[in-house]
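Hello,

Here is the structure I promised to pass on. My notes on the strands and the pocket follow below it.

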Amino acid sequence: MTGMLASVNSLDEAEQVLGAQVDIIDLKQPEQGALGALETGLVRQIVAAIDGRCPVSATVGDLPMQPALVFDAVRAMTDTGVDYVKIGFFPGGDWPGTLAKLGALTGQHDLIAVLFADTQPDLSIIASLKNAGFKGVMLDTMDKQKGSLTQVMNTTTIGRFSEQAKAHQLLCGLAGSLRLPDIANLMPYRPDYLGFRGALCRLHDRTAALDMPAIVRIKQAIIDAA
């Protein structure tokens, strides 16, 4: 069953999407990049307010792949009590070293790697993520101006990503400027969740306020396409 992940940047927004019965509440700051992070104190406050009513994930920011830097950010975010911590694997830097460093946390916390479709990621990293103890992997887009996931990556590659994630028993997420029409196109890949931000906001502006009717439409479309 495919769930709906909704990205929010405040306690008020978290309560709104909770009322729409989303499946995962994802905490991030869209104004600060693809995976902009919220301050850990605010994340802790939101987690306490949600109080287990819905799984919560949080991003750690658009960080260069420097092992110590990423490790410290992830460790700080795990201390907030979120269920999942999402880490963007951005181009360049030390991917193997970062994976090795994060291995010290994966036995205690559920980490989700985010690959960026518009950077042509090497999908062989999926096996390495499993070996490092990651809980899941998702596709997203880094440059939100280039269009949705289905516009920047062909369906064959999306399918291969989903197949490899499932073959390695990793949670599989698909996101990246997704709109309502993308749901029917992506559901055949049986992702564990589809992630949304811009499509849930007024005028499809990911930095704008949430639009409750849009949230309800997205949720219903996922249910209808199941």
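Strands β1 and β2 run parallel and are joined by 4 bridges (strands pair if DSSP finds at least two bridges between them; strands are DSSP runs of E, at least two residues, and helices runs of H or I, at least four, numbered from the N terminus). This is a predicted model, where local features need pLDDT of at least 70 and side-chain atom pairs pLDDT 80 or more, while totals for chains, interfaces and linings use all residues. Residues are numbered from 1 along each chain, and side-chain values use heavy atoms, without hydrogens and water.

Leu5 sits opposite Ile24 in β2. Between β1 and β2 the chain passes through helix α1 (residues 11-19) in a right-handed β-α-β crossover (clockwise from the first strand over the helix to the second, with the strands pointing away from the viewer).

β2 also runs parallel to β3 (residues 56-59), with 3 bridges, and Leu27 stands opposite Ala58 in β3. Helix α2 (residues 40-50) lies on the way from β2 to β3, again in a right-handed crossover. Both faces of β2 are covered: Ile24 and Asp26 on one side, Ile25 and Leu27 on the other, are all buried (under 20% relative accessible area, 1.4 Å probe, protein chains only).

The lining of the largest pocket divides into 6 nonpolar, 10 polar and 8 charged residues (Ala, Val, Leu, Ile, Met, Phe, Trp, Tyr, Cys and Pro count as nonpolar, Asp, Glu, Lys and Arg as charged, the others, Gly among them, as polar; a pocket is an open set of points on a 1 Å grid over the protein atoms alone where a 1.4 Å probe fits, with protein on both sides within 12 Å along at least five of seven lines, and lining residues have an atom within 4 Å of a point).

Best wishes

Conventions. Buried means under 20% relative accessible area, exposed over 50%, partly exposed in between (1.4 Å probe, protein chains only).
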